[in-house]
Amino acid sequence: MASDDIYQIKGLEHSFGKEPVLRVDSLKIPPAAIVGLIGPNGSGKSTLLNLLGFIMAPTRGDILFKGRPAVPFSGDVRFRVTLLDQEPYLLRRSVARNISYGLELRGDREQLQDRIAAALDWVGLPEKEFSGRQWYELSGGEAQRVALAARLGLQPEVLLLDEPIASVDAASAERIKAATLRARSEWGTTLVIASHDWQWLYEVCDVVLHLFKGRMFGQERINIVFGPWQPRGDGTWQKILADGQAIVVPPPPKPAAVAVFTDAEIAPDTGDSPPVSHSGVLNGVVSRLILERDGRDVIAVVQVDQLPITVKLTRQAVEKRQLYPGRQIGILLRSDRAVWI
Amino acid sequence: MDFILSGFLTAIDLLRRGDAETYSAIFATVRVSSYSMTASLLIGIPLGFLLGYCKFPGRKQIRLVVDTLLALPTVFIGLLVYAFLSRQGPLGQMGLLFTLPGIAVGQTILALPIVMALSASAIENLDRRLRITLISLGANRRQLLLSSLWEVRHGILAAALTAYGRVMTEVGISMMVGGNIKWHTRTITTAIALETNKGLFAMGIALGLVLMAIAFIVNVSVSFLRKR
């Protein structure tokens, strides 16, 4: 049965050697969505993007593209999906020929010059100045933008971006953001973007999915607490933070286990100022507030000692609790729902 | 010192007035090196690509053998080819001994490991991101292969240049397999060796100058191609 989703993944697993590096039980990406992938190094973001880009085939499971199983080099996906790698590689040729390469593969040579100019314009590089430059005559940020222009020139159905702003300045990041949003609005391009910069991601994406150590936690905002854990003597275990606060958890599988908390909440306002630390409540300071792209919800980053905890709140809740960077609040980590990794 | 200077001046004169014997050796060298380079590039680049790009059992061992063959002495190749092409050898009926194609066979054996090893190194050093870039821009398997080769063109050019340098300057194979026959299989290097033994420096210097000029022209052409 044909599906409306661009991607459908079920029971996907990918391994390098014997160790599985990515497991995705289920994932659906609708057309024209902008999906963010967030997670620390080694969480599997790039692997997932390579799989979605059909650069390689998964060890186990299928990736359905528009309802049909697709594999690398298959005609269904070859000219529809394109990936911009973390450190993009420019072909050893001029900027113009880098941009025209993909079009020439498609046998699409009409008004090539105009289209090269348009692609460069999308990323804010003047055609006259850059078109004739060789690959080695570009700065890091310019090379990144040329590589993006080479993908945008193809008007792809799916554009996958791996850390697109990791090594660019603020102006380039803004350009890249504008170009990706424009691709969606003008051509209905579906975008999947992996980034460390979750503020940028939340500004751009409709949905942000969290990954950690090859596991997908979906849209739940995850907070990761690394071991070691110490027994408290009452059957529970704890991690003592540098400021003396303790995160109490059920017995971990091993003392060095990593706890992933899928829910964090702002503790009810008790009128204390600063709030009193009591069982399950951690004292922290609001360090950032980020409005999600739909304008309804706010992501608050609360610094508990050195540990950043993210919490999702409605705008009304932010107003009601008078949250602002610097404000001290209590955070509830639901230890009973911690996932051990 | 005078004999070197006069030899140098006579050499210029020999080249200027188109001395037939000198030019015969030059043409023999250009012909035989063209044969051997064509063969070694046609065989060596695809094999080097396989060796550098594909993972298969025994690859490391083959690589070790190819790398070892880089140090093959030319007289040893000459000896082997002579043994195979001589009348009592397994390929004796082909009648290649003391011919330019016979020398070319030996020079191909000399150049092949160089082309293979250096092409394989260039391809091994290909950026892993190139493959991702080419596939993500829509390349099929054939386009992936051809574009990857094009990306390492400078490395392959360097491999060809190194092999050409070895082929042009070797004496052992040309002497043993070609026999240094005047007007026939006498190449620049065998002629220099012979003329110097005879005490005739002028022709030796003339041919040496030509060898240098060819090397210079090849290098200029390569540096021009590098910019493209």
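Predicted model: local features only at pLDDT ≥ 70, side-chain atom pairs only at ≥ 80, totals over all residues.
**View 1. Helix H10 of chain B and the helices around its buried residues.** Helix H10(B) spans residues 188–197, and its buried residues are B:Ile188, B:Thr189, B:Thr190, B:Ala191, B:Ile192 and B:Glu195. These buried residues pack against four elements of chain B, namely helix H2 (20–53), helix H8 (153–169), helix H9 (172–178) and helix H11 (201–226). After H10(B) comes B:Gly199, a residue with a positive phi, near 85°.

**View 2. The packing of H8(B) with H11(B).** The axes of H8(B) and H11(B) lie 11 Å apart and the angle between the two helices is about 175°; because angles over 145 degrees count as roughly antiparallel, H8(B) is described as roughly antiparallel to H11(B). From H8(B), the contact is made by B:His154, B:Leu157, B:Leu161, B:Tyr164, B:Gly165 and B:Met168, while H11(B) contributes B:Leu211, B:Ile214, B:Ala215, B:Val218, B:Val222, B:Leu225 and B:Arg226.

**View 3. The side of chain B that touches chain A.** Here 14 residues of chain B are in contact with 18 residues of chain A. On the chain B side, the elements that give two or more residues are helix H6 (128–136) and helix H7 (141–151), and H6(B) provides the largest share, with 6 residues. The residues on this side of chain B divide into 5 nonpolar, 5 polar and 4 charged.

How values were computed: Residues numbered from 1 in each chain as written. Chains lettered and ligands numbered in written order. Buried ≥ 20, exposed ≤ 12 C-beta atoms within 10 Å, placed from the backbone. Contact = placed C-beta atoms within 7 Å. Nonpolar A, V, L, I, M, F, W, Y, C, P; charged D, E, K, R; others polar. Axes fitted to C-alpha atoms, helices over the stretch in contact; angles between N-to-C directions. Parallel < 35°, antiparallel > 145°, perpendicular 65-115°, else oblique.
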